Amino acid sequence: MAVRIIFLGPLADMAGKQSVEADAPLDWAGLLDVVGKEVAAQLGEERVNVAFGGRVLADKTQLRAKDGDEVALLPPVSGG
Amino acid sequence: MKDVRLLTEEFIPGTLVGPFTQAHPGLGGVCTFVGEVRGGEGQDMGVEALELSHYEPLTLPTMETLADTAIERFDLMGLLMVHRVGKMRVGEPIVLVSATARHRRGAIDAVDFCMDHLKAAAWFWKREKRADAWHWIEPRADDYADLARWDK
(Lines give C-alpha, C1' and ligand atoms only; values in the text may rest on other atoms or scores of the structure.)
Protein backbone atom coordinates (compact mmCIF):
# COMPACT_ATOMS: atom_id res chain seq x y z
CA MET A 1 0.00 0.00 0.00
CA ALA A 2 0.99 3.59 -0.53
CA VAL A 3 -0.31 7.13 -0.81
CA ARG A 4 -1.96 7.98 -4.12
CA ILE A 5 -1.34 11.50 -5.44
CA ILE A 6 -3.86 12.86 -7.99
CA PHE A 7 -2.93 15.67 -10.40
CA LEU A 8 -5.92 17.82 -11.39
CA GLY A 9 -6.37 20.10 -14.41
CA PRO A 10 -3.18 21.53 -15.90
CA LEU A 11 -1.05 19.85 -13.23
CA ALA A 12 -1.73 16.48 -14.91
CA ASP A 13 -0.20 17.79 -18.16
CA MET A 14 2.73 19.17 -16.22
CA ALA A 15 3.32 15.87 -14.42
CA GLY A 16 2.73 13.89 -17.61
CA LYS A 17 0.29 11.59 -15.76
CA GLN A 18 -2.98 11.60 -13.85
CA SER A 19 -1.61 10.16 -10.62
CA VAL A 20 1.43 8.71 -8.92
CA GLU A 21 1.99 6.47 -5.90
CA ALA A 22 4.31 7.46 -3.09
CA ASP A 23 5.57 5.61 -0.05
CA ALA A 24 3.62 6.16 3.16
CA PRO A 25 3.71 8.07 5.40
CA LEU A 26 3.88 11.20 3.27
CA ASP A 27 4.39 14.74 4.53
CA TRP A 28 4.81 18.09 2.74
CA ALA A 29 8.55 17.64 2.10
CA GLY A 30 7.95 14.12 0.82
CA LEU A 31 5.19 15.36 -1.48
CA LEU A 32 7.41 18.06 -3.01
CA ASP A 33 10.07 15.41 -3.53
CA VAL A 34 7.90 12.95 -5.41
CA VAL A 35 5.87 15.19 -7.79
CA GLY A 36 8.73 16.53 -9.90
CA LYS A 37 10.32 19.99 -10.05
CA GLU A 38 7.66 21.71 -12.15
CA VAL A 39 4.67 20.61 -10.06
CA ALA A 40 6.61 21.24 -6.83
CA ALA A 41 7.14 24.85 -7.94
CA GLN A 42 3.37 25.19 -8.53
CA LEU A 43 2.65 23.73 -5.08
CA GLY A 44 4.68 26.57 -3.60
CA GLU A 45 2.12 29.03 -4.98
CA GLU A 46 -0.64 30.08 -2.62
CA ARG A 47 -3.32 29.61 -5.31
CA VAL A 48 -2.61 25.88 -5.58
CA ASN A 49 -4.49 23.82 -2.97
CA VAL A 50 -4.06 20.35 -1.56
CA ALA A 51 -6.98 18.10 -0.60
CA PHE A 52 -6.69 15.10 1.64
CA GLY A 53 -9.44 12.74 2.74
CA GLY A 54 -12.03 14.72 0.74
CA ARG A 55 -11.18 18.06 2.42
CA VAL A 56 -9.08 20.99 1.29
CA LEU A 57 -6.25 21.58 3.76
CA ALA A 58 -6.22 24.99 5.44
CA ASP A 59 -2.45 24.66 5.71
CA LYS A 60 -1.10 22.30 3.04
CA THR A 61 2.34 22.17 4.62
CA GLN A 62 0.75 20.25 7.52
CA LEU A 63 0.01 17.27 5.25
CA ARG A 64 0.31 13.87 6.98
CA ALA A 65 -0.89 11.08 4.70
CA LYS A 66 -0.94 7.41 5.66
CA ASP A 67 -1.12 4.13 3.79
CA GLY A 68 -4.13 4.02 1.47
CA ASP A 69 -4.82 7.78 1.59
CA GLU A 70 -5.50 9.91 -1.47
CA VAL A 71 -3.95 13.36 -1.85
CA ALA A 72 -5.26 15.68 -4.59
CA LEU A 73 -3.34 18.63 -6.01
CA LEU A 74 -5.75 21.39 -7.04
CA PRO A 75 -4.70 24.26 -9.32
CA PRO A 76 -6.88 27.41 -9.71
CA VAL A 77 -10.37 26.48 -10.91
CA SER A 78 -12.32 27.60 -13.99
CA GLY A 79 -15.89 26.37 -14.13
CA GLY A 80 -19.22 27.58 -15.51
CA MET B 1 -36.64 21.43 -3.26
CA LYS B 2 -32.89 21.21 -3.84
CA ASP B 3 -31.66 19.40 -6.94
CA VAL B 4 -27.89 19.38 -7.59
CA ARG B 5 -26.40 17.30 -10.40
CA LEU B 6 -23.14 16.62 -12.19
CA LEU B 7 -23.82 15.28 -15.69
CA THR B 8 -21.52 13.49 -18.11
CA GLU B 9 -23.93 13.67 -21.08
CA GLU B 10 -25.58 16.56 -22.92
CA PHE B 11 -28.79 17.88 -21.32
CA ILE B 12 -31.76 19.92 -22.51
CA PRO B 13 -32.37 22.73 -19.99
CA GLY B 14 -36.13 22.98 -20.64
CA THR B 15 -36.74 19.37 -19.72
CA LEU B 16 -35.25 20.06 -16.28
CA VAL B 17 -36.60 23.57 -15.64
CA GLY B 18 -40.22 22.64 -16.50
CA PRO B 19 -40.67 19.98 -13.84
CA PHE B 20 -38.60 22.00 -11.34
CA THR B 21 -40.91 25.00 -11.72
CA GLN B 22 -44.01 22.77 -11.52
CA ALA B 23 -42.76 21.41 -8.21
CA HIS B 24 -43.20 24.84 -6.57
CA PRO B 25 -46.85 25.87 -6.70
CA GLY B 26 -47.40 29.33 -5.26
CA LEU B 27 -44.03 30.67 -6.34
CA GLY B 28 -43.71 34.37 -7.15
CA GLY B 29 -40.82 34.06 -9.54
CA VAL B 30 -38.42 31.70 -11.21
CA CYS B 31 -35.05 32.80 -12.60
CA THR B 32 -32.96 30.56 -14.84
CA PHE B 33 -29.48 30.95 -16.28
CA VAL B 34 -27.99 28.58 -18.86
CA GLY B 35 -24.30 28.82 -19.82
CA GLU B 36 -23.25 27.34 -23.16
CA VAL B 37 -19.97 26.66 -24.94
CA ARG B 38 -19.23 29.91 -26.76
CA GLY B 39 -17.82 29.96 -30.26
CA GLY B 40 -17.61 31.98 -33.40
CA GLU B 41 -16.15 35.44 -32.83
CA GLY B 42 -12.99 37.18 -31.66
CA GLN B 43 -10.85 35.15 -29.31
CA ASP B 44 -13.44 32.36 -29.34
CA MET B 45 -12.90 31.82 -33.08
CA GLY B 46 -11.45 28.41 -33.74
CA VAL B 47 -12.67 26.75 -30.55
CA GLU B 48 -13.65 23.23 -31.56
CA ALA B 49 -14.50 21.68 -28.22
CA LEU B 50 -14.39 22.24 -24.50
CA GLU B 51 -13.56 19.76 -21.77
CA LEU B 52 -14.39 20.12 -18.10
CA SER B 53 -12.73 17.93 -15.52
CA HIS B 54 -13.57 17.66 -11.83
CA TYR B 55 -12.51 15.86 -8.66
CA GLU B 56 -15.24 13.52 -7.50
CA PRO B 57 -14.68 13.70 -3.70
CA LEU B 58 -14.86 17.52 -3.70
CA THR B 59 -16.86 18.81 -6.64
CA LEU B 60 -20.39 17.59 -5.90
CA PRO B 61 -20.20 18.13 -2.10
CA THR B 62 -19.03 21.71 -2.74
CA MET B 63 -21.99 22.30 -5.10
CA GLU B 64 -24.37 20.91 -2.47
CA THR B 65 -22.97 23.30 0.15
CA LEU B 66 -23.23 26.21 -2.29
CA ALA B 67 -26.88 25.33 -2.97
CA ASP B 68 -27.67 25.16 0.77
CA THR B 69 -26.03 28.54 1.31
CA ALA B 70 -27.99 30.14 -1.55
CA ILE B 71 -31.33 28.68 -0.40
CA GLU B 72 -30.85 30.14 3.06
CA ARG B 73 -29.32 33.46 2.06
CA PHE B 74 -31.97 34.30 -0.56
CA ASP B 75 -34.94 32.62 1.10
CA LEU B 76 -35.60 30.35 -1.87
CA MET B 77 -38.38 27.84 -2.36
CA GLY B 78 -36.15 25.70 -4.53
CA LEU B 79 -32.83 25.57 -6.35
CA LEU B 80 -31.80 23.52 -9.37
CA MET B 81 -28.05 23.43 -10.12
CA VAL B 82 -26.68 21.33 -12.98
CA HIS B 83 -23.08 21.27 -14.23
CA ARG B 84 -21.60 19.28 -17.08
CA VAL B 85 -18.26 17.50 -17.05
CA GLY B 86 -16.50 15.83 -19.98
CA LYS B 87 -16.22 16.95 -23.61
CA MET B 88 -18.65 19.44 -25.12
CA ARG B 89 -19.07 21.10 -28.50
CA VAL B 90 -19.88 24.74 -29.29
CA GLY B 91 -23.53 25.46 -28.45
CA GLU B 92 -23.92 22.72 -25.85
CA PRO B 93 -25.08 23.76 -22.38
CA ILE B 94 -22.41 23.63 -19.66
CA VAL B 95 -24.27 24.91 -16.65
CA LEU B 96 -27.84 25.55 -15.52
CA VAL B 97 -28.99 27.33 -12.38
CA SER B 98 -32.67 27.89 -11.69
CA ALA B 99 -34.14 29.39 -8.52
CA THR B 100 -37.75 29.70 -7.36
CA ALA B 101 -38.84 32.16 -4.70
CA ARG B 102 -41.84 34.05 -3.38
CA HIS B 103 -40.35 37.29 -4.71
CA ARG B 104 -38.27 38.01 -7.81
CA ARG B 105 -35.24 39.63 -6.16
CA GLY B 106 -34.28 36.53 -4.23
CA ALA B 107 -34.52 34.31 -7.31
CA ILE B 108 -32.49 36.66 -9.51
CA ASP B 109 -29.77 37.29 -6.91
CA ALA B 110 -29.49 33.59 -6.03
CA VAL B 111 -28.74 32.65 -9.64
CA ASP B 112 -26.13 35.41 -9.91
CA PHE B 113 -24.56 34.30 -6.60
CA CYS B 114 -24.43 30.63 -7.63
CA MET B 115 -22.93 31.39 -11.04
CA ASP B 116 -20.16 33.57 -9.58
CA HIS B 117 -19.27 30.76 -7.17
CA LEU B 118 -19.43 28.04 -9.83
CA LYS B 119 -17.09 30.06 -12.07
CA ALA B 120 -14.43 30.87 -9.52
CA ALA B 121 -14.89 28.73 -6.40
CA ALA B 122 -16.11 25.28 -7.46
CA TRP B 123 -13.80 22.40 -8.30
CA PHE B 124 -13.79 22.43 -12.11
CA TRP B 125 -10.97 22.78 -14.63
CA LYS B 126 -11.70 23.82 -18.18
CA ARG B 127 -9.68 23.46 -21.36
CA GLU B 128 -10.52 24.20 -24.97
CA LYS B 129 -9.47 22.49 -28.16
CA ARG B 130 -8.22 24.60 -31.01
CA ALA B 131 -6.76 23.48 -34.32
CA ASP B 132 -3.28 23.04 -32.83
CA ALA B 133 -3.94 21.55 -29.40
CA TRP B 134 -5.80 21.69 -26.07
CA HIS B 135 -5.35 24.85 -23.99
CA TRP B 136 -6.20 25.21 -20.28
CA ILE B 137 -8.41 28.16 -19.42
CA GLU B 138 -7.04 30.32 -16.62
CA PRO B 139 -9.50 32.03 -14.30
CA ARG B 140 -9.89 35.74 -15.12
CA ALA B 141 -9.48 38.64 -12.69
CA ASP B 142 -13.12 39.54 -13.45
CA ASP B 143 -14.24 36.15 -12.13
CA TYR B 144 -12.61 36.82 -8.76
CA ALA B 145 -13.96 40.38 -8.66
CA ASP B 146 -17.49 39.04 -9.35
CA LEU B 147 -17.09 36.55 -6.53
CA ALA B 148 -15.84 39.18 -4.07
CA ARG B 149 -19.07 41.20 -4.51
CA TRP B 150 -20.88 38.70 -2.28
CA ASP B 151 -18.53 39.17 0.69
CA LYS B 152 -19.81 42.69 1.29
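User: In this predicted model, which residues does Ala110(B) touch, leaving out those up to four places away in sequence?

Analyst: Two residues count as in contact when their C-beta atoms, placed from the backbone, lie within 7 Å. With residues up to four places away in sequence left out, the contacts of Ala110(B) are Ala70(B), Phe74(B), Leu76(B), Leu79(B) and Ala99(B).

User: Which element gives the most to the largest nonpolar core?

Analyst: The largest nonpolar core has 51 residues. Those with the most contacts inside it include Ala110(B) and Cys114(B), along with Val71(A), Leu73(A) and Ala70(B). Seven residues of this core come from the element that gives the most, H3(B).

User: Across which strands of chain B does H3(B) lie?

Analyst: The helix runs at about 150° to E6(B). E6(B) belongs to an open sheet of four strands with mixed pairing, in the order E1-E4-E6-E2. The strands that H3(B) lies across are E2, E4 and E6.

User: Over how many bridges do E2(B) and E6(B) pair?

Analyst: One facing pair is Val30(B) and Thr100(B), the latter in E6(B). The sense of the pairing is antiparallel, and the number of bridges is eight.

User: At what angle does H2(B) run to E4(B)?

Analyst: H2(B) lies across E1 and E4 (76–84) of chain B. Its angle to E4(B) is about 155°.

User: What is the average twist from one strand to the next in the E5-E3-E7-E8 sheet of chain B?

Analyst: This is an open sheet of four strands with antiparallel pairing. E5 (86–89) and E8 (134–136) stand at its edges. From one strand to the next, the twist averages 25°.

User: What is the bridge partner of Arg127(B) in E8(B)?

Analyst: E7(B) and E8(B) pair in the antiparallel sense over three bridges. In E8(B), the partner of Arg127(B) is Trp136(B).

User: Which element gives the largest share of the side of chain B that touches chain A?

Analyst: The contact takes 21 residues from chain B and 13 residues from chain A. On the chain B side, two or more residues come from each of H2 (56–73), E6 (93–101), H3 (104–120) and E7 (124–129). The largest share is four residues, from H3(B).

User: How many residues of that side of chain B are nonpolar?

Analyst: Three are polar and three are charged. The nonpolar residues number 15.

Key. Residues are numbered from 1 along each chain as its sequence is written. Chains are lettered from A and ligands numbered from 1 in the order in which they are written. This is a predicted model: local features need pLDDT of at least 70, side-chain atom pairs count only at pLDDT 80 or more; totals for chains, interfaces and linings use all residues. Ala, Val, Leu, Ile, Met, Phe, Trp, Tyr, Cys and Pro count as nonpolar, Asp, Glu, Lys and Arg as charged, and the others, Gly among them, as polar. Two strands pair if DSSP finds at least two bridges between them. Axes are lines fitted to C-alpha atoms, for helices over the stretch in contact, and angles run from 0 to 180 degrees between N-to-C directions. A nonpolar core is a set of buried Ala, Val, Leu, Ile, Met, Phe, Trp, Tyr and Cys residues joined through C-beta atoms within 7 Å. A residue is buried if 20 or more other C-beta atoms lie within 10 Å of its own, exposed if 12 or fewer, and partly exposed in between; C-beta atoms are placed from the backbone.
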